[in-house]
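Could you walk me through this model, one question at a time? I would like to start with a single residue and then look around.

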Amino acid sequence: MKKRIGIFGSTGSIGTQALEVIAENPDRFEVEILTAYSNENLLIQQAKKFNPNAVVIVNEAKYPVVKEALAGTDVKVFAGEKALEEVATFDTYDMMLAAIVGFAGLKSTLKAVEAGKVIALANKETLVVAGDIVMQKAVEKRVPIIPVDSEHSAIFQCLVGETRNKIEKVILTASGGPFLGKKPNFLVNVKKEHALQHPNWNMGAKISVDSATLMNKGLEMIEAKWLFNLNPDQIQVVVHPQSIIHSMVQFEDGSIKAQMGLPDMKLPIQYALAFPQRIPNKFPRYDLSRAASLHFEQPDIKTFRNLALAVEALKRGGNMPCIMNAANEIAVYGFLRNRIGFLDMTELVERAMDKIKHIAQPTLEEYFESDAEARNFAASLINL
Ligand code: NAD
Ligand code: MG
């Protein structure tokens, strides 16, 4: 039996790499759903190649083009945000690869959990915003959530065979991003062209900026809390510029397990798609006989204050991570359009976290409201 995969966000960095993995393993996987925000040409090309049951183009203005291009096929074409949620419940697929970027991925992922789909989760913002609700639903529906984020995949892999053993702490590795070692007097002049150049990973624009500001690591701390049921003080971040150790787990006996490999997202993507199996591939291998020097240092949270803000959000809990995430999405949007500077992003997030009311145990509706409120507030500060 082939695993039937729905790729939500198929035109992005994760989505396209997942399709490469699937194309290499046609006997194991079948693509049943593809979705894109507005890259109609790539979506059409993907649909022609993988012949899914359905595609969604979220930007409705692009619907006629996609519909027409796929007229001679039996691919069903849908458009709009609501369609994402509807398609997520289709019984034509088994596993959702949640690869939409940002808060926009939350609703369809929740629908898929409710429909009992296995989730391969790349969209970390889903857990940052509403981790309690998503995880509780997953438990209720007995839905496995398999992380795709490389750090969380590493931790997940370290935990295989350890179900009865307590985690003392997890150690998330951070590359440090393109500005490792830089100080505010340098960062104040940084432009998006620099921020988008990550030394080790080639990723979508939003996560590349998040990696440069260290917000990505902050989001990942919150993601780890929900995935592995951890307290804030069980989550440590260490800078490891080589990105060979993807993260570690320390157990109660002090033993530390690490998962290693070259930085290539296709590995955690393949692991999540094929779980619980490991399947062969021809990806380049990390060769210890060549560059075997691994370095670790403490993150500079005085310079990269986003990490400190994320720890605060993690500790305060409730809707605070949701507020932080929403303001950060606006901040990154503003930075990518040259509306604000690199350091202004942190400022914006901090102001939103100060301004929007803290709710200790929000409902799903309250998460949506907090998201909208924080977005509007942040956008008003930079005249978006
Ligand atoms: P990307 O920007 O390259 O792709 C995003 C995808 O989501 C595209 O297919 C786009 O069409 C779709 N999309 C964007 N906005 C949308 C909206 N409003 N509604 C519906 N669809 C929308 O992003 P990416 O780098 O592939 O990242 C995807 C997710 O995976 C993010 O949450 C990111 O944090 C996470 N992630 C990415 C990497 C990586 O290496 N790229 C690594 C770890 C985790
Ligand atoms: Mg990561």
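**A first look, by question**

Reader: Is Ser-175 buried or exposed?
Author: Buried means under 20% relative accessible area, exposed over 50%, and partly exposed in between (1.4 Å probe, protein chains only). Ser-175 has 12% relative accessibility, so this residue counts as buried.

Reader: What kind of model is this?
Author: Residues are numbered from 1 along each chain as its sequence is written, with chains lettered from A and ligands numbered from 1 in written order. Side-chain values use heavy atoms, leaving out hydrogens and water, and local features need pLDDT of at least 70, side-chain atom pairs 80 or more, while totals for chains, interfaces and linings use all residues, as the model is predicted.

Reader: Which residue's side chain makes a polar contact with the side chain of Ser-175?
Author: Ser-175 sits in the loop between β8 (167–174) and α8 (184–187), where helices (H or I, at least four residues) and strands (E, at least two) are DSSP runs numbered from the N terminus. A polar atom of its side chain lies 3.0 Å from the backbone nitrogen of Gly-177. The side-chain partner, in a polar contact (N or O atoms within 3.5 Å) of 3.1 Å, is His-198.

Reader: Which residues coordinate the magnesium ion (ligand 2)?
Author: In sequence, the donor residues follow the spacing D-x1-E-x68-E. Donors are N, O and S atoms within 2.8 Å of the metal, or 3.2 Å for Na, K and Ca. At 2.1 to 2.2 Å from the ion, they are Asp-149, Glu-151 and Glu-220.

Reader: How many residues apart are Asp-149 and Glu-220?
Author: Asp-149 is buried at 7% relative accessibility, and Glu-220 is buried at 0%. Asp-149 lies in the loop between β7 (145–147) and α7 (150–159), and Glu-220 in helix α11 (residues 215–228). This pair links distant parts of the chain, at a separation of 71 residues.

Reader: How far is a backbone N or O atom of Gly-204 from an oxygen atom of ligand 1?
Author: A backbone N or O atom of Ile-14 lies 2.9 Å from an oxygen atom of ligand 1. A polar side-chain atom of Asn-123 is 3.5 Å from an oxygen atom of that ligand. For the backbone of Gly-204, the distance is 2.9 Å.

Reader: How far apart in space are Met-96 and Ala-112?
Author: Met-96 lies in strand β5 and, at 0% relative accessibility, counts as buried. Beyond its neighbours within four places in sequence, residues in contact with Met-96 include Phe-8, Ala-88, Ala-112 and Ile-119, contact meaning heavy atoms within 4.5 Å. Met-96 and Ala-112 are 16 residues apart in sequence, and their C-alpha atoms are separated by 7.1 Å.

Reader: What is phi of Leu-214 near?
Author: Most residues other than glycine have a negative phi. Asn-51, partly exposed at 43% relative accessibility, has a positive phi near 45°. Leu-214 lies in the loop between α10 (205–213) and α11 and is buried at 7% relative accessibility. Phi of Leu-214 is positive too, near 70°.

Reader: Which residue does a cis peptide bond join to Phe-275?
Author: Omega of this bond is about 10°.

How values were computed. A polar contact is a pair of N or O atoms within 3.5 Å; within protein, one must be able to donate a hydrogen and the other to accept it, and residues adjacent in sequence count only if both atoms are side-chain atoms.
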